Amino acid sequence: MTILCVRFELPPEREAALPGLLGLLEDFTPVVQALPPDGALADLRGAERYFGRSAVELASVIRVRALARYGVDCAIGAGPGPMLARVALRDARPGVTCAVPGEPEAVAEFLAGRPVSVLPGVGAATARTLCEYGLDTLGLVANAPLSTLQRLIGARAGRELQEKASGLDRGRVVPNAVSRSLVAERPFELDELDPGRHRGALLSAAEEIGARLRAVEKVCRTLTLTVRYADLPRSRTGSSGGTPTATTRSRTLREPTAHSAALTKAAYGIYETLGLQRARVRALALRAEGLTPADQASHQLTFDPVDEKARRIEEVADRARAKFGPRAVMPGTLAAVCALSWPTAA
């Protein structure tokens, strides 16, 4: 095992501690990839040789230091590659590291009985399609004819899915900086069932992120939605099991943008792919990632007068908010549904 996937037991109000916790991992290796809002991947190949300890042993040291320095516990998965470490994390809990064996036969056995949805990148729609044809576990997917998988989900996706289900992990840890992102968190006072309230929270978060991006003259390339469910204790000290405590999905935008309408549309699209039905949601978090200077980004001209008008109105609204406060201008839907619950911009 050389890769760790770490999920810090951070309450939403302490997400600002994530950079410091990433620094703790960087005491062991410079190859650390942030997985906001509360996780990270760490490649310990060099650290194992340097410290003379295995990745699982180093995981214990990392856990102790996180508790001592920040009062934060963590769950850790370990594996030969980042994909396998992320799968292992699903079986980990605070205080116990779940490790995937290194031998190919043992990896295949570890994955065989797990549902296809545990693989990173397999969304609800893909999992539903596979299950309709009886391919509901990774073992069945690994042994299915490649032509069948490619016919169901596409040539490239089918090939990659079968490789992952067989335990072939081609991923790598890509060092990044958590500071190259912006996040807007929308907690609910009570666990929320109403999709209308969910969408209102997403609208509010997208409006805030758009305004913050424009204020610093940045655009984002990727939008990530994290849904935290009602089985997540508000203290974040444990989990009741059952339904996953959180679901995270990302989408690469068609073009880098800080346009609130485009961010809102993308956020709604990600939310719809989750297929939440009567899910009790505790909080929603929207994160803009891959930030770049706005003057270096390209924008596809549409010659759509509606789009151009919306962008001009957005500029005027930004000036009004800067002068009179974040609630000076807001979408009518947001004002009617949730203006009293969340800010519209920061």
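**Strands and helices**

Mentor: Let's begin with a pairing: strand S1 (residues 3-8) and strand S3 (residues 39-43) run antiparallel and are joined by 5 bridges. Keep in mind that this is a predicted model.

Trainee: Okay. Which residue stands opposite arginine 7 in S3?

Mentor: Glycine 39 does. Further along, leucine 4 has alanine 42 as its bridge partner in S3.

Trainee: And what does S1 do with strand S4?

Mentor: S1 pairs with S4 (residues 74-79) in the antiparallel sense, over 6 bridges. In S4, arginine 7 stands opposite alanine 75, and the bridge partner of leucine 4 is alanine 78.

Trainee: Is S1 mostly covered or mostly exposed?

Mentor: Mostly covered, with 5 of its 6 residues buried.

Trainee: What's the strand order of the sheet with S1 in it?

Mentor: The order is S2-S3-S1-S4-S5, an open sheet of 5 strands with mixed pairing. Strand S2 (32-35) and strand S5 (97-99) each have a single partner strand, so they stand at the edges and one side of each is left without a neighbour in the sheet. On average, neighbouring strands of this sheet are turned by 15° against each other, direction ignored.

Trainee: How do S4 and S5 pair, parallel or antiparallel?

Mentor: In the parallel sense, over 3 bridges.

Trainee: Changing topic, what about helix H4? How many of its residues are buried?

Mentor: In H4 (residues 82-89), 7 of the 8 residues are buried, so this helix is also largely enclosed by the rest of the structure. The buried ones are Pro82, Met83, Leu84, Ala85, Val87, Ala88 and Leu89.

Trainee: What do those buried residues of H4 pack against?

Mentor: They pack against strands S1, S3, S4 and S5, along with helix H5 (104-112) and helix H9 (155-165).

Trainee: Let's jump to strand S9. How many of its residues are buried?

Mentor: 9 of the 9 residues of S9 (residues 281-289) are buried, so S9 is largely enclosed by the rest of the structure.

Trainee: Which strands pair with S9?

Mentor: Strand S6 (residues 181-192) runs antiparallel to S9, joined by 8 bridges. Strand S7 (residues 218-229) pairs with S9 in the antiparallel sense too, over 8 bridges.

Trainee: Now helix packing. At what angle do H10 and H11 pack?

Mentor: Helix H10 (residues 195-215) and helix H11 (residues 260-274) pack at about 140°, and their axes are 8 Å apart. Their crossing is right-handed.

Trainee: Which residues make the contact?

Mentor: From H10 they are Pro195, His198, Arg199, Leu202, Leu203, Ala206, Glu207, Ile209, Gly210, Ala211, Leu213 and Arg214. H11 contributes Ser260, Leu263, Thr264, Ala267, Tyr268, Tyr271 and Glu272. By class, the contact of H10 with H11 has 11 nonpolar, 4 polar and 4 charged residues.

Trainee: Last one: how do the axes of H6 and H8 cross?

Mentor: The axes of helix H6 (residues 124-132) and helix H8 (residues 146-153) cross at roughly 130° and come within 10 Å. H6 and H8 are therefore oblique to each other. H6 passes H8 in a right-handed crossing.

Trainee: And which residues are in contact there?

Mentor: Thr126, Thr129 and Leu130 of H6 meet Leu149, Leu152 and Ile153 of H8. The residues of that contact of H6 with H8 divide into 4 nonpolar, 2 polar and no charged.

Trainee: Great, thanks for the tour!

Technical notes: Residues are numbered from 1 along each chain as its sequence is written. This is a predicted model: local features need pLDDT of at least 70, side-chain atom pairs count only at pLDDT 80 or more; totals for chains, interfaces and linings use all residues. Side-chain values use heavy atoms; hydrogens and water are left out. Axes are lines fitted to C-alpha atoms, for helices over the stretch in contact, and angles run from 0 to 180 degrees between N-to-C directions. Helices (H or I, at least four residues) and strands (E, at least two) are DSSP runs, numbered from the N terminus. A crossing is left-handed if the near helix is turned anticlockwise from the far one by less than a right angle, and right-handed if clockwise. Contact means heavy atoms within 4.5 Å. Ala, Val, Leu, Ile, Met, Phe, Trp, Tyr, Cys and Pro count as nonpolar, Asp, Glu, Lys and Arg as charged, and the others, Gly among them, as polar. Angles under 35 degrees count as roughly parallel, over 145 as roughly antiparallel, 65 to 115 as roughly perpendicular and the rest as oblique. Buried means under 20% relative accessible area, exposed over 50%, partly exposed in between (1.4 Å probe, protein chains only). Two strands pair if DSSP finds at least two bridges between them.
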